[in-house]
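Subject: Structure for you, with notes

Hi,

Here is the structure I promised. My notes follow below it.

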Amino acid sequence: MKKAKEGNKKERKLTFWETIKNDCYALKIGLSVKKSLLVHAFFIQASGYFEWVFFDAVFIRHIVGAMDQNQDFHVVFRFILMCGVLFFLLSVYRNYVENVVYPLSSVRLYYGVYAMLYAKAKNVELRCYEDPEFYNRYTMSMDGADTKIREIIENVWGVIGGTVATIAVFWFMYEIDHYAVLFILSPLIGNFVFGHYKNKQEFKRYTEQAPDDKVLNYVNRVMYLPDHAKEIRLSNVFSLLKQQYCAATQHKVRTAVKYAFSNASLSFLKITFTFTVIFEGVLLYAVYRNLVTGSISLAQLTVMSSLMVAMTWILIGLFENIMNIMKNGMFINNLKGFMDYGEKIPEDQDGVMPEGKFETLEFDHVSFSYKEEETIKDLSFTIREGEIAALVGHNGAGKTTIIKLLLRLYDPVSGVIRLNGRDIREYNLHAYRELFAVTFQDFCLFGITVMENVLMGRHYENDEQVAEDALKKAGVYEKVMSLPDGIHTVMTKEFDEHGAVFSGGESQKLAVARTFAKDSYVKIFDEPSSALDPIAEYELFQNIMKEGSDHTMFFISHRLSSVKKCDKVFMLEDGKLIEEGSHTELMALNGSYAKMYRRQAMNYLALETEEEVAV
């Protein structure tokens, strides 16, 4: 939490030039994704400001001048008609862009921006998602990124167009009255000073409320996902979720109250200086010069008042665009920080391509720390081709962490992991991971078909046959074939009311089927039977052992009776390897493994023989 606060504090101290760089970064993204959006945004802004300047500085001036000079009606009518045609064409163009171009461009911008963000999210290492500060930056960068980029594009052109329009109107006003232009200072103060501080306050409030929004989104998600429905109805967990929800809501309210007075005050001052002072001031000044001093004519008063109204709205638009650029620049800082993050283990890391064989896998004095706590300590062992190895030990011993290190989801703090004698960090990461097929204990099923859940985006000569064979080995084939569409049935009911909802054990079998389906040198099963009954577990391990006849295998199992046929068993405790050997060797050693085995065997007397218990 401290790091997250420090990160937020850093973002609140962004300099003007850093914010401008962020806006340029957003423009670059917009240009790379949808160039036409920038072009149309330019013409929309340019045409809008052109209308303001032309109408008040040219059109009104010409009409009033013509009336003063008693020009022929037909001449004035032709001028009005030509201007009407021009304004009509501009209106048609704006409507076309806003109702046709922008909706289509926005969809493409959305797709392009989020494709970029998803690609980055997929490329960063697993550890990033376990870092609250990084995750907060990620969620904030995803929060309307496409909308903010589009707004920046429009705002940048708005600033350029507004600046040109301001200079033009300023010149026309200066021609009528040199001192009237001083009233321009009023909206400058209102927008640049008070508007700037108001935007900073709003950004502070947003960053302070971001962690609360994450809690609220989590509770909202839990309340509609079917995975949690039973527990919510059969327990009092809803009261705990409600407490979290209420606490987050109350903190959001306190944060809003904290900034309420300052925001209200700044809004009042901004509106007063932006509108009231300039409107009332110019009108009084113009009336004074006409009625008291008689230094300007009624026609000049009309034109000057019209120009001042135009100037006011042009300045309001200009400064709103500037403030939005600054505000969105601060938000884009999250996106830029996320995209600029240098991955420690980039998913697209290139390197040496693994040989078309598996000989040895070696952990050489490997240590690993997670959040400054050492979880793997000076670990060394070797697995050779064709061996079946098991990692056993109490919860928290480091078994799953070893698998994650093996798969390069993490890298060791010290020591080396070698495949065929080469440091695994030297390999092309994608090619290296293709050597392994894995079932994690905390697996996920996706809202796609059963077959797609098994094959996970891989394709074979006969996809259906591969998926069916894997489902048979996992012991869930009959269940799948009983579904309305068999292996083509969509999982979950989130997208299909006829979707399949599996039990915990059936879901685990489906996850195991993925490992059976993938053609790889090494098969890894992390607690593959934790949700299964003893008979289903026995049948599954029989098939896993058959798979081991053609593959090198790692597996983690909570039941030591399942590892008796393994070539090697590694007993872990507090991240250390305390015993190593076959089941028979470790039982003869009569150490921690033997003690754990006997304790478990006493609970499975119906399945274990007296001879096995007494070994």
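Start with N263, which lies in helix α9 (residues 237-293). Helices here are DSSP runs of H or I with at least four residues, strands are E runs of at least two, and both are numbered from the N terminus. N263 counts as buried because its relative accessibility is 9%. The cut-offs: buried is under 20% relative accessible area, exposed is over 50%, and partly exposed is in between, with a 1.4 Å probe and protein chains only. N263 touches K198, Q201, E202 and R205, leaving out residues up to four places away in sequence. Contact means heavy atoms within 4.5 Å.

Some ground rules. This is a predicted model, where local features need pLDDT of at least 70 and side-chain atom pairs count only at pLDDT 80 or more, while totals for chains, interfaces and linings use all residues. Residues are numbered from 1 along each chain as its sequence is written, and side-chain values use heavy atoms, with hydrogens and water left out.

**Four-stranded sheet**

This open sheet has the order β2-β1-β4-β5, with antiparallel pairing. Strands pair if DSSP finds at least two bridges between them. The edge strands are β2 and β5 (422-423), each pairing on one side only. Eight bridges join β1 (residues 360-370) to β2. E362 stands opposite T382 in β2. Helix α11 (residues 399-406) lies across β1, β2 and β4 (414-419). Its direction is at about 115 degrees to β1. Axes are lines fitted to C-alpha atoms, for helices over the stretch in contact, and angles run from 0 to 180 degrees between N-to-C directions.

**Six-stranded sheet**

The order is β6-β7-β8-β3-β9-β10, the sheet is open, and the pairing is mixed. Its edge strands are β6 and β10 (576-581), and each pairs on one side only. Neighbouring strands are turned by 15 degrees against each other on average, direction ignored. β9 (residues 568-573) and β10 run antiparallel, joined by five bridges. L572 stands opposite L577 in β10. α17 packs on this sheet and touches β3 (388-393), β7 and β8 (552-556). The direction of α17 makes about 150 degrees with that of β8.

**Backbone**

Most residues other than glycine have a negative phi. D378, in strand β2 (residues 373-384), has a positive phi near 45 degrees. E527 also has a positive phi, near 45 degrees. E527 lies in the loop between β7 (522-526) and α17 (534-547). D378 is partly exposed, at 47%.

**Largest pocket**

The largest pocket holds about 1,500 Å³ of space. A pocket is an open set of points on a 1 Å grid over the protein atoms alone, where a 1.4 Å probe fits, with protein on both sides within 12 Å along at least five of seven lines; lining residues have an atom within 4 Å of a point. Grid points are joined across faces, edges and corners, and the volume is the space filled by probe spheres set on them.

The lining has 32 residues, and L409, R433, F440, F446 and M456 lie nearest the centre. Elements giving two or more residues are α4 (73-123), α12 (429-433), β6 (436-439) and α16 (504-517). β6 gives the most, with four.

Best wishes
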